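Welcome! Here is a friendly walk through one protein model, from single side chains out to the whole chain. Please take a look at it before reading on.

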Amino acid sequence: MKVLVTGRLPEQVLSLIRKEHDLTAHASDVPMDRRELLALVGDVDGLLCMITDRVDEELLAAGRNLKMIANMAVGFDNINVGAATARGIWVSNTPGVLNDATADLTFALILAVSRRVIESDAITRSGRFKPWAPFSFLGTDVTGKTLGIIGLGNIGKEVARRAHGFRMPVLYHNRRRLDPVAEQDIGVRFSDLDALLSESDYVSLHVPLTDQTRRLITGRELKLMRRTAYLINVSRGPVVDEAALVQALQSGWIAGAGLDVYENEPSLASGLAQLPNVVLLPHIGSATLETRTQMAALAAENLLAGLRGETPPNCLNCPRTLA
Ligand code: DGY
C-alpha cells in the first residue's frame, strides 16, 4: 500500500514503514505545504500526520483511498474524526508516552515564571550581572503554594504527582470527578471551576481542545484568579482567550503566565511578546529525544496495524472502541 508521512521522522521509524509499504516521507521540519499535501494524499492508503496538518473534509475527500490516519500527537483537534469515521477511515493518536515530558515542562514553566529564570539568564549573559544584593531578582516561592489543575487526565495526574514534591496542595477540576480512592491515591481535591480559579496560586491547563473547552478561560475567569496567581498552559492555545490574557497581564489581574501553546500558532496575540511577566515557549511540551522518538514509533505502530486490518492500539474511532 502507499503511505505518506508529513513530518521529518527518524530513519529507524521510516524503515519500519518501508518494510511493509511504499513510503513517501516529507524531509523537512517546515510543515508540508497544504497544496502539496492535498495532491499527495490523493493516492495513499495510510497517512501519518502532524498536528500542523489540518485533516478536514477537504483533505478526506482528496484522500480517496485513505484507510488509516495516524496522528503523531496525543491531541487530535487537527483532525475531523467524525468525518473520518463517516468515511470508514480509522484515526489514532499517541497517548501515554508523552505524559512525563509534558508534566516536566509544566514545572519548568512554573519555576521559570516564578523565579524569573529567563530574565535572569539574559541579564547574566549580557554582562549586567551586578554583585549580589538582598532584594534584587526577587521572585515568588513555589513550594507550599496551591496548584489548581484543570483537566486531570494522564498528563494532569503526572503534574499532580510532581506537585507533591513541592509540598503543594492540589485542587482539580474535571468533567467527571474521580472516585474518592483515586483522589486520595493521587492526592488531589475536587473543586468547581470558579473556586479553583480563586483559590489557586497556579492554574495549570491540561484539557484537550473540544467545543466545550474552547475559550474555557476568558476575561471572566482571569478576573476570578488571584492578583498574585500564574496561568500555565501546555494544552492547546484556543483554550484561552489570548487577547483577554494579554489584558489581564497588562492590567495586573494576574501576576504572570507560562505558555507553551497559542491561539494561532505560530503567531502570538498582539502585545504578548512585549510583556515582562510571561515565559513563552514554542510548543515543546513533548520535545525530548526520547519522547518524540516514542511518539513517532507509536504513530507508525498504529498506522501499520490499521493497514494490516488489525485494530490499532490507540484507535480513536474503530468499531470496537466506538461504544
Ligand atoms: C500533543 O501530543 O498533542 C502535543 O501537543 C504535541 O506533542
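## Aromatic pairs and their surroundings

Phe 107 counts as buried, because its relative accessibility is 6% and buried means under 20% relative accessible area (exposed is over 50%, partly exposed in between, with a 1.4 Å probe and protein chains only). Before we go further, note that this is a predicted model, in which local features need pLDDT of at least 70, side-chain atom pairs count only at pLDDT 80 or more, and totals for chains, interfaces and linings use all residues. Residues are numbered from 1 along each chain as its sequence is written, and side-chain values use heavy atoms, with hydrogens and water left out.

How many aromatic pairs does the structure hold? There are 3 aromatic pairs. Rings of Phe, Tyr and Trp (its six-membered ring) pair if their centres lie within 6.5 Å; planes under 30 degrees apart count as stacked, over 60 as edge-to-face and the rest as tilted. The pair of Phe 107 and Phe 166 is stacked, because the ring centres are 5.1 Å apart and the planes meet at 10°. Phe 107 sits in helix H5 (residues 99-114) and Phe 166 in the loop between helix H7 (154-165) and strand E7 (170-173), so this pair ties together parts that are 59 residues apart in sequence. Phe 166 counts as partly exposed, at 25% relative accessibility.

Tyr 202 and Tyr 230 also form a stacked pair, at 5.4 Å centre to centre and with 15° between the planes. Tyr 202 belongs to strand E9 (residues 202-205) and Tyr 230 to strand E10 (residues 230-233), so the parts joined here are 28 residues apart in sequence. Both Tyr 202 and Tyr 230 are buried.

## Helix H7

Helices (H or I, at least four residues) and strands (E, at least two) are DSSP runs, numbered from the N terminus. Which residues of H7 are buried? They are Ile 155, Gly 156, Glu 158, Val 159, Ala 160 and Ala 163. The cover over these buried residues includes H5, strand E6 (147-150), E7 and helix H8 (180-186). After H7 comes Arg 167, with a positive phi near 50°.

Contact means heavy atoms within 4.5 Å.

Ile 79 is found in the loop between strand E4 (68-71) and helix H4 (81-86), while Thr 291 is part of helix H12 (residues 289-308). The C-alpha atoms of Ile 79 and Ala 61 are separated by 13 Å, and the two residues are 18 apart along the chain.

## The whole chain

Stepping back, the protein chain has 13 helices and 12 strands. Of its 323 residues, 50% count as buried. Its C-alpha atoms fill a box of roughly 65 × 50 × 30 Å, taken along the principal axes. Among contacts with a separation of 6 or more, 59% come from residues 24 or more positions apart.
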